[in-house]
Amino acid sequence: MDIRAEGFGRSLDDARINSADWRAYFASPMVLHAWLLPWLGSWKEVLFPGFLALGLGAFGALPGGRTGLSQRIAGFYLALGLLALWASFGPDAGLYAALHEVLPFFAMLRAPSRLGLVVTLVLAVLAGAGLERLRSRVPTGWSSIVVAAVLALSVAGSFVRTFNLVDAPRVPAVYRTLAGLPRAPVVEFPYFAGTFDRQRHTEYMLMSTVHWQPLVNGYSDHFPPRAVDDMRRLSTFPSLDAFAALRDHHARYVVVHWDLYDPADAARLREAWPDLRPYLRLIGEDGSVSLYELIRTP
């Protein structure tokens with residue numbers, strides 16, 4: 001299968017936008033690390049693993065002595081972490097561009113910066129070895145205290161500021177009505193197709209957990225050619241092409257969010273609605289949300 005032909009392929013320009021830089025490895029949401037942020041100025045990613053992980057990881061990677069890992073295994077993890085660090089800087093650093101050409105699955109990766117997670121996982125392994133080395137070097141009676149102190153520091157270092165949470169959206173009554181109807185595909189409008197608003201299909205996906213009907217709308221980082229074509233056609237609703245797309249998907253229910261349209265577009269749609277009544281039967285309304293059954297297509 002040609003992954004690029006199926007819409008999976010990512011260009012090096014895509015990867016370049018989502019690459020890490022050195023600032024990312026010093027940026028952290030943890031309260032104990034907040035003093036670092038003013039020194040960075042700006043950052044695109046948050047990948048700082050913490051001073052405790054760095055210290056113990058370095059101690060565990062040192063040659064010689066008892067580490068809990070053989071030097072061969074420790075060397076493997078160290079090499080893996082350094083390669084992941086290098087690749088996380090994206091195409092401009094060289095390694096990622098080479099891997100993109102040699103390994104086909106690298107064309108499926110959108111964000112090289114996520115390789116920074118491999119760096120953190122490697123540090124976790126090496127830090128465990130470092131803790132074992134530290135524990136073995138203290139008197140027997142102190143080993144449990146050392147482990148408890150490291151765990152306490154880990155928990156303290158994981159504290160983040162309060163998240164700015166918002167109330168869950170109200171569930172329109174039409175979704176509960178939809179849940180009790182015979183199972184059939186649903187399409188919700190407006191059908192977002194623009195580069196900067198297509199992620200709003202996730203709002204419909206969230207509400208699908210109320211009715212659990214099959215949903216034509218959807219969003220992902222991957223858009224196969226048919227999904228792109230569906231966006232183009234369904235975004236023109238109520239055109240004949242949009243109705244043809246509804247027929248192609250065997251859609252039975254249509255949900256219209258009048259308040260999500262631009263006022264001018266909503267006015268045009270309401271003006272055209274009388275001509276659509278032979279095709280759409282009203283099932284229920286709740287404020288600015290209407291539920292229809294698609295009876296037939298033009």
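This section describes helix packing, the β-sheet and selected residues of a predicted model. Residues are numbered from 1 along each chain as its sequence is written, and side-chain values use heavy atoms, with hydrogens and water left out. Local features require pLDDT of at least 70 and side-chain atom pairs count only at pLDDT 80 or more, whereas totals for chains, interfaces and linings use all residues.

Helices (H or I, at least four residues) and strands (E, at least two) are DSSP runs, numbered from the N terminus. Helix 4 (residues 71–88) packs on helix 6 (residues 116–137) at an angle of about 160°, and their axes lie 8 Å apart; axes are lines fitted to C-alpha atoms, for helices over the stretch in contact, and angles run from 0 to 180 degrees between N-to-C directions. Helix 4 is therefore roughly antiparallel to helix 6, a term that applies to angles over 145 degrees. The crossing of helix 4 and helix 6 is left-handed, the near helix being turned anticlockwise from the far one by less than a right angle. Contact (heavy atoms within 4.5 Å) involves Ala 74, Tyr 77, Leu 78, Leu 80, Gly 81, Ala 84, Leu 85 and Ser 88 of helix 4, and Gly 116, Val 118, Val 119, Val 122, Val 125 and Leu 126 of helix 6. Of the residues in this contact, 11 are nonpolar, three are polar and none is charged; Ala, Val, Leu, Ile, Met, Phe, Trp, Tyr, Cys and Pro count as nonpolar, Asp, Glu, Lys and Arg as charged, and the others, Gly among them, as polar.

In helix 5 (residues 95–102), Leu 95, Tyr 96, Ala 97 and His 100 are buried, that is, under 20% relative accessible area (1.4 Å probe, protein chains only). The cover over these residues includes helix 1 (12–17) and helix 4.

Four strands form an open sheet of mixed pairing in the order 1-2-4-3, where two strands pair if DSSP finds at least two bridges between them. Strand 1 and strand 3 (280–286) are at the edges with a single partner strand each, so one side of each has no neighbour in the sheet. From one strand to the next, the twist averages 20°. Strand 1 (residues 186–189) runs parallel to strand 2 (residues 253–257), and four bridges join them. Val 186 has Tyr 253 as its bridge partner in strand 2, while Val 187 stands opposite Val 254. Val 186 and Glu 188 point one way from strand 1, Val 187 and Phe 189 point the other way, and all are buried.

Val 228 is located in helix 10 (residues 225–234). Its relative accessible area of 41% makes Val 228 partly exposed, the class between 20% and 50%.

Terms used. Parallel < 35°, antiparallel > 145°, perpendicular 65-115°, else oblique.
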